[in-house]
Amino acid sequence: MGYTRPLLNRDKEAPITMLEPVQLAKFGVTELEAQHALDRLNVRDIDYADLYFESRTSESVSMEEGIVKRAAKSVSQGVGVRATAGEKTGFAYSDELTKKDLEIAADTARYIANSPQGASPVPVPTQRRPTRDLYPIERAKAEVATADRVALLNAIDAEARRYDPRIKNVMASFNTEYKVVAVATSDGTLVGDIQPLSRLQITCIAEDGDNRQAGSFGGGGRVGFEYYLEDNRHLSYAREAAREAILNLSAVDAPAGVMPVVLAGGWPGILLHEAIGHGLEADFNRKKTSAFSSLIGKRVASDVCTIVDDGTLPFRRGSLNMDDEGTPTSCTTLIEKGILRRYITDKLNARLMGIPLTGNGRRENYQSVVLPRMTNTFMLAGESDPQDIIRSVKKGLYAVSFGGGQVDITNGKFVFSASEAYLIEDGQITKPVKGATLIGSGPEILTKVSMVGHDLKLDNGIGTCGKDGQSVPVGVGLPTIKIDEITVGGTQR
Amino acid sequence: MHQGQRGTEPATITNGYGQLAANVLARAKACGATEADIVVADGETFSVQVRVGTVDRLTKAREKRLGLRVFIGKRSATTSTSDFSQDSLERLVADTCTLARAVVEDDVSGLPDAAQMATDQPGLDLYDETVLDTETQIDWAKRGEAAAFATDPRITNSEGAEFDSSSGRVVLANSHGFVGSYKSSNFSLSVSPIATESTTGAMQRDAWYEVQRKFARLASAESIGQKAAERAVRRLGARKVATKRVPVVFDQEMAGSLLANLCGAISGYGLYKRASFLLDQLGQTIASDLMTVYDDGRMAGGLGSRPFDGEGLATRKNTIVERGVLRSYLLDTYSGRKLGLPSTGNASRSVGESPSVGPTNFYLVPGLKSAQEIIGSVKEGLYVTELIGFGINMVTGDYSRGASGFWIENGELAYPVEEITIAGNLKQMFKDVEVIGSDLVFRGRIASPTLKISELMVAGN
């Protein structure tokens with residue numbers, strides 16, 4: 001589902017439309033004022049400074065009990081001002097964008113440099129436009145009338161209830177965000193981007209006597225409203241949420257202990273995000289606090305595993321024309337045939353570690369600092385037939401969908417929790433089982449991947465990644481894979 | 001560097017925002033709103049992170065935000081902005097009314113009844129005028145981290161130490177004529193050291209923190225750093241254990257997470273949506289008779305205290321569970337009306353969102369046994385000190401989370417364990433609470449003493 005071009009033949013060229021450059025005037029600031037603030041930051045010890053202007057409009061409508069009850073809209077605008085000196089970062093932000101506020105923020109950010117006031121000029125930023133347009137959506141299409149959103153949710157409610165009379169409640173929400181950013185840097189760039197984002201999320205409650213269960217489904221991306229109506233995608237989401245809830249009514253208790261687990265393609269790629277993705281973010285490795293520190297060039301996965309982080313896929317939730325430091329995003333091979341190749345970086349960590357800049361410097365908003373973060377993280381397709389993978393398991397678990405996951409970066413232990421899973425008995429998928437947490441060790445788990453399917457799927461666009469209290473949209477993807485052994489946290493021996 | 005203006009100008013801010021709120025409410029009425037309420041919040045934050053002895057990051061900001069909720073008959077919408085200019089606010093009011101007209105009528109929507117609004121607004125000791133200079137705050141973080149390094153030679157690295165101070169004000173006003181405001185502050189230090197095992201190079205991170213409304217009540221930086229180091233070092237050499245059903249002792253923090261799960265299950269929104277495992281249980285036994293739980297919104301200096309809730313109703317002390325019997329849900333006006341019950345004064349409000357339900361100071365009444373005695377009573381079992389992941393199904397109560405802690409043998413902590421899960425069902429787990437400790441300490445809005453659950457499935461090898 002979602003964007004359907006085959007991934008292995010990804011078109012490296014961006015679509016043709018060129019964005020209008022985002023002008024600072026949009027934020028009520030002149031280029032001279034931005035230049036002046038950067039000059040003020042450019043004291044002796046400062047290696048780098050930037051200004052990040054952001055304007056964001058978020059809207060949501062939600063329904064429950066068959067009626068669209070709530071509508072909300074929020075508008076925010078501000079600037080984050082940052083200076084770095086060695087490993088040190090000074091940061092200030094403001095929701096006022098006057099010349100004076102910029103100066104105060106610049107003086108605060110500069111504090112960490114321990115340098116006297118006395119600015120020296122930085123190169124005059126040259127206005128650039130992003131080199132590609134991965135999400136060419138007209139504003140008119142991004143901003144649909146509330147009435148259309150209400151109609152969308154009403155249709156979802158009806159479809160889910162039609163699926164099965166045991167569906168007793170449908171909760172659905174549709175959220176959109178329209179974000180305009182501009183970054184002015186002391187290394188001489190001024191670049192902006194317009195970043196639309198939307199998401200449709202549905203949860204159904206099924207009841208059969210005293211047995212109650214929930215099922216969820218959703219999707220989205222950097223897409224316009226029409227995306228949800230194409231081929232009645234919104235109705236297929238509703239049926240999926242209803243199907244999961246009804247299925248779980250007959251789920252049996254999950255097993256406990258070490259066993260083989262087959263992960264279906266798509267969203268189960270959250271395994272990669274938790275097990276290795278976070279551990280490969282450069283900040284943890286520069287500080288040597290990651291279980292992956294000093295493992296570049298070493299084997300961390302079986303040779304059927306090649307994993308990339310790719311911010312350049314059109315319309316994807318985790319994609320960006322440029323990261324939040326103005327660096328174009330890229331496709332970075334993290335693990336190649338089992339060997340660890342690269343960390344993902346922002347400017348600070350790339351400079352301090354002397355490694356390539358990968359365009360992964362991201363922040364939740366102007367109030368947050370830049371950190372190295374993932375974009376769309378997935379494993380490339382292998383050669384196995386997914387059916388053969390399931391047939392190869394005598395007794396184990398087949399996990400199709402997951403809730404959330406979490407990792408302890410330092411010892412590498414990670415968890416992720418299944419929301420739809422089945423027992424595999426003698427090579428056959430049998431009973432559905434209740435949700436259970438899977439736990440493993442990041443640097444070891446991928447060495448236990450023995451089969452990789454040819455059926456790579458990306459998730460539908462629902463992922464939000466949290467780090468240091470900051471949430472950013474991300475994508476994951478996976479072909480069907482077999483993990484020879486992992487601990488399953490059920491209740492039954 | 002910066003001397004904040006906390007404590008010097010609040011009166012004008014209140015007055016200013018009071019007038020601003022009145023203007024916006026009048027504007028909403030003119031646009032057709034039958035009822036409305038407005039929240040204005042502003043504050044300043046300072047944060048310093050130190051890592052391996054040097055300043056890693058210094059952040060400073062002031063911010064403000066305004067949220068508006070309007071009702072047009074039984075329809076409503078909510079909006080927010082950080083732009084307080086007249087143009088922007090006029091646009092906001094117009095947008096909100098347009099949105100409200102686009103949604104469907106909802107029978108029970110509306111403000112609380114006018115007679116219910118809080119009439120007293122006690123101070124509750126939530127605000128501290130102390131303004132710390134930058135150097136003092138850097139010094140706190142440095143001393144916290146240095147103490148961790150000094151505690152044990154196996155502390156070889158650090159995720160850093162962070163000192164935060166923040167203060168802010170909330171103003172809530174509605175078309176019933178209610179205007180309330182309060183100020184609050186927070187001071188906190190957290191230290192996250194990393195311990196390394198010299199033989200294998202394996203690393204373990206842990207952390208300790210403290211947060212207080214008043215600066216003077218903060219424990220010493222040294223004691224926080226030392227505790228963080230001890231927690232990291234004791235995890236070294238952790239291993240998996242065999243899959244087994246055993247008694248499980250939850251330390252205070254992890255017991256608090258179970259209490260947070262209880263809190264979620266009795267929140268009005270989950271209940272009326274039928275998305276909770278504790279439906280229709282008012283007056284029923286839902287837990288061991290050892291358990292009594294209160295939610296007290298007016299505890300002096302409490303991290304969850306506030307004089308009025310997110311709709312302007314007076315906060316209070318509610319008995320939630322009394323010797324195992326569920327006595328009260330947590331409700332705001334909307335979820336209460338859905339369930340045919342009055343609000344419990346638990347409306348929580350983020351600027352720009354409709355009210356939801358949240359705890360104030362939600363705690364389990366302590367028992368008599370020390371943590372040591374509880375562990376001593378276990379022949380073979382698990383002492384849980386960390387839980388990760390989201391394996392909790394609030395509809396069914398099914399529970400499965402990643403855990404680490406210590407294996408208990410003959411009443412002693414024998415060795416650290418990791419890469420295991422614990423699983424059960426919350427409905428049964430609350431009933432299986434066998435012992436409650438005496439060690440209740442408030443370190444957040446939800447607090448619990450150590451507790452022991454008679455049996456859970458531990459999955460490992």
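Four bridges join strand β2 (residues 67-85) of chain A to β3(B), and the two strands run parallel. Strands here are DSSP runs of E with at least two residues, helices are runs of H or I with at least four, and both are numbered from the N terminus; two strands pair if DSSP finds at least two bridges between them. Within β3(B), B:T81 is the bridge partner of A:V75.

This is a predicted model, in which local features need pLDDT of at least 70 and side-chain atom pairs count only at pLDDT 80 or more, while totals for chains, interfaces and linings use all residues. Residues are numbered from 1 along each chain as its sequence is written, and chains are lettered from A and ligands numbered from 1 in the order in which they are written.

In total, 60 residues of chain B are in contact with 66 residues of chain A, where contact means that the C-beta atoms of two residues, placed from the backbone, lie within 7 Å. On the chain B side, the elements that give two or more residues are β2 (54-72), β3 (75-81), α2 (86-102), β4 (155-174), β6 (203-205), β16 (398-409), β17 (412-425) and β20 (451-459). Of these, β2(B) gives the most, with 10 residues. By class, the side of chain B that touches chain A divides into 19 nonpolar, 23 polar and 18 charged residues. For this count Ala, Val, Leu, Ile, Met, Phe, Trp, Tyr, Cys and Pro are nonpolar, Asp, Glu, Lys and Arg are charged, and the others, Gly among them, are polar.

Chain A can be taken next. Its secondary structure comes to 11 helices and 23 strands. The radius of gyration of chain A is 24 Å, close to the 23 Å that the globule rule gives for 493 residues, so chain A is as compact as a globular protein of that length. The radius is taken over C-alpha atoms, and the globule rule is 2.2 Å times the number of residues to the power 0.38. Along its principal axes the C-alpha trace of chain A spans about 75 × 55 × 40 Å. Among contacts in chain A between residues at least 6 apart in sequence, 76% join residues at least 24 apart.

Chain A is divided into domain 1 (7-249) and domain 2 (256-489), with bounds that come from an automatic or database domain assignment. Taken over C-alpha atoms, the centres of these two domains are separated by 23 Å. Their contact takes 44 residues from domain 1 of chain A and 33 residues from domain 2 of chain A. On the domain 1 side, β6(A) gives the most, with seven residues. That side has 16 nonpolar, 15 polar and 13 charged residues.

Burial in chain A comes to 60% of its 493 residues. A residue is buried if 20 or more other C-beta atoms lie within 10 Å of its own, exposed if 12 or fewer, and partly exposed in between, with C-beta atoms placed from the backbone. Helix α7 (residues 270-277) of chain A is mostly covered, as eight of its eight residues are buried. Among them are A:H273 and A:E274, along with A:L271 and A:I276.

In soluble globular proteins, nonpolar side chains tend to be buried together. The largest nonpolar core here has 205 residues, of which A:I202 and A:C204 touch the most other members. Such a core is a set of buried Ala, Val, Leu, Ile, Met, Phe, Trp, Tyr and Cys residues joined through C-beta atoms within 7 Å. Leaving aside neighbours within four places in sequence, the contacts of A:I202 include A:I156, A:V170, A:F217 and A:Y237. Apart from this core lies another, of 63 residues, among them A:A34, B:A195, B:I224 and B:A232.

Chain B has nine helices and 20 strands. Its radius of gyration is 24 Å, close to the 23 Å that the globule rule gives for 461 residues, so chain B is as compact as a globular protein of that length. Of the 461 residues of chain B, 54% count as buried. Chain B is divided into domain 1 (10-229) and domain 2 (238-461), and 24 Å separate the centres of these domains. Here 31 residues of domain 1 of chain B are in contact with 24 residues of domain 2 of chain B. The most on the domain 1 side comes from β2(B), with four residues.
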